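This briefing covers selected features of one model, grouped by topic. Please consult the sequence and the structure below while reading.

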Amino acid sequence: MNLEQLFNHIKFKHVIGTFPETQINKITQDTREVEEGDVFICIEGANFDAHDYVDRAIEKGAIAIVARKPIISNIPVIYVSDTTKAMAMLANAFYGYPSDQLKMIGITGTNGKTTTTYIIEAILKGLQLGSGVIGTVGIKINDTFIPTINTTPDSITLQRVFQEMNEKDVAVCAMEVSSQALVKGRVWGVDYDVAVMTNLTHEHMELHQNMEAYRAAKKLLFAQLGNSYKTNKVAVLNKDDHTYAEYREATVGEVLSYSVLDSNSDFYASNIVYQESHTTFDLIYQNESYSVHSNLVGQYNVSNVLAGMAAVFALGYSLTEIVATIPSLLVVSGRMELVAKEEDISLYVDYAHSPDAMEKVLETVKNIAKGRVISVFGCAGKREFEKRPIMTNIGIELSDFSFLTADETMGENQAEIWEMMKPGIPEGATNFAYYENRVEAIYKAVEMAEPGDIILMMGRGNDTRYYDTDGRVYHFTDKEASINGLKRRAQLQK
């Protein structure tokens, strides 16, 4: 594709210079990636402005610049009113509108997005279909894993990945769609067939400022399913969540509802039985009952399984065959994952880092614990301050004993974080202790535990990189600390 062919896809533009017949190598917004023959797009971020780096892009071989502000250049410049939107349009065109050729499922919500994508992936594998996953953990193309930085990558990365998925015979792609991606246009141009809502709870106030703006951001996924009925678009909505009526109204697509509480929903989980290692329930759809066995535990995971099954069903696959794949589900790494067990003491890690997620996972653990629930958690730095006392209160109230500690401070002072957590300590509570060092807190929890107890470490899940108060980054996982804690316990008991 040459420059003229590419920029024919932008209707409103002002071109300075003459397009050469040269074939485009690629398009990029990152000067570090610029190579000979590339088109460089000037994106403006919170802490940078790519218009300031045009000279560097030209030096490295760029053959055209897309800009919003006046720049000095000896190569063609294409001026547009919105470079972010232009980037999405150009990425779609350059890679041949690859999401049109895939069956696309977008999952949004505060909690459960990652788990739901991996439930969908397991179903697809069970149906012997090529699968793609994009989200917090990374990108998977069938069995190939690619690490990422953002939950939802930028539009160029997305379109390139979609093209690769088509080349690798992926039938369905399930991707997490963050609220940040929706408001910043990262998913503009992605042709979703199914949009899934998990739930909406207090989170990301550092970006959205209030719940109204956060709810509106998530709603964009459903509003952007389009107004055409040439193709069948489906919104899979959680009838147990307060967004149900509003999002149902926002989409022109057909709606499949799911619920663990409302028997009038399309997908309803009845007769739920919780065990330490699995959950069983009956799926009721159009007065037909399907027995479901899942290796995921907790009510919130029943909801996630319902969402995953409904999403794949919405694409036209057999419900009977979908249900038959559920027993093969594996626990998602870092999501209510049993990472160690010894002397009937079970150690779980979970990514819960919001009040609602903590409440749900602690209630799940209380339902399956034979003995006490011992929690280990902190509050991450550089995130909304107001939820810190709320999380502290929930952790102590719903645990038999809590070890409060540090989460990733991201350069924020841990002592200040702890001061913000303190007001959440219930009056007169004595069932807690504070250790600034997270490893020490985990070791103390393991020392305290008795047979039948469950230790639940929340906030980090399977994260491997730890950012401390001084801005240092090093390797640390709750799982490794747990295993080392058990070894240390065994030595102390000799």
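Which residue caps the N-terminal end of α5? Asp154 does, with a side-chain oxygen 3.0 Å from the backbone nitrogen of Ile156, a polar contact (N or O atoms within 3.5 Å; within protein, one able to donate a hydrogen and the other to accept it, and residues adjacent in sequence counted only if both atoms are side-chain atoms). The model is predicted, with local features requiring pLDDT of at least 70 and side-chain atom pairs pLDDT 80 or more, whereas totals for chains, interfaces and linings use all residues. Residues are numbered from 1 along each chain as its sequence is written, and side-chain values use heavy atoms, without hydrogens and water.

**Helix α5**

- Helices (H or I, at least four residues) and strands (E, at least two) are DSSP runs numbered from the N terminus.
- Helix α5 comprises 13 residues, 155-167, and at 1.5 Å a residue should span 18 Å, which agrees with the 19 Å between its end C-alpha atoms; the expected span is 1.5 Å times one less than the number of residues.
- Among the buried residues of α5 are Ile156, Leu158, Val161, Phe162 and Met165, where buried means under 20% relative accessible area, exposed over 50% and partly exposed in between (1.4 Å probe, protein chains only).

**Loop residues with positive phi**

- Asp169, in the loop between α5 and β10, has a positive phi near 60° and is exposed, with a relative accessible area of 63%.
- Asn142 lies in the loop between β8 and β9; although not a glycine, Asn142 has a positive phi of about 55°.
- Asn142 counts as partly exposed because its relative accessibility is 21%.

**The sheet and its helices**

- Eleven strands form an open sheet of mixed pairing, in the order β9-β8-β7-β10-β6-β11-β12-β13-β14-β15-β16; two strands pair if DSSP finds at least two bridges between them.
- The edge strands β9 (144-146) and β16 (288-294) each have a single partner, so one side of each lacks a neighbour in the sheet.
- On average, neighbouring strands of this sheet are turned by 20° against each other, direction ignored.
- Seven bridges join β15 (residues 279-285) to β16 in the antiparallel sense, and Thr279 stands opposite Ser294 in β16.
- Helix α4 (residues 113-126) packs on the sheet, touching β6, β7, β8 and β10, and its direction makes about 170° with that of β10; contact means heavy atoms within 4.5 Å.
- Helix α10 (residues 299-314) also packs on the sheet, its contacts including β11, β12 and β13, and its direction makes about 145° with that of β14.
- Axes are lines fitted to C-alpha atoms, for helices over the stretch in contact, and angles run from 0 to 180 degrees between N-to-C directions.
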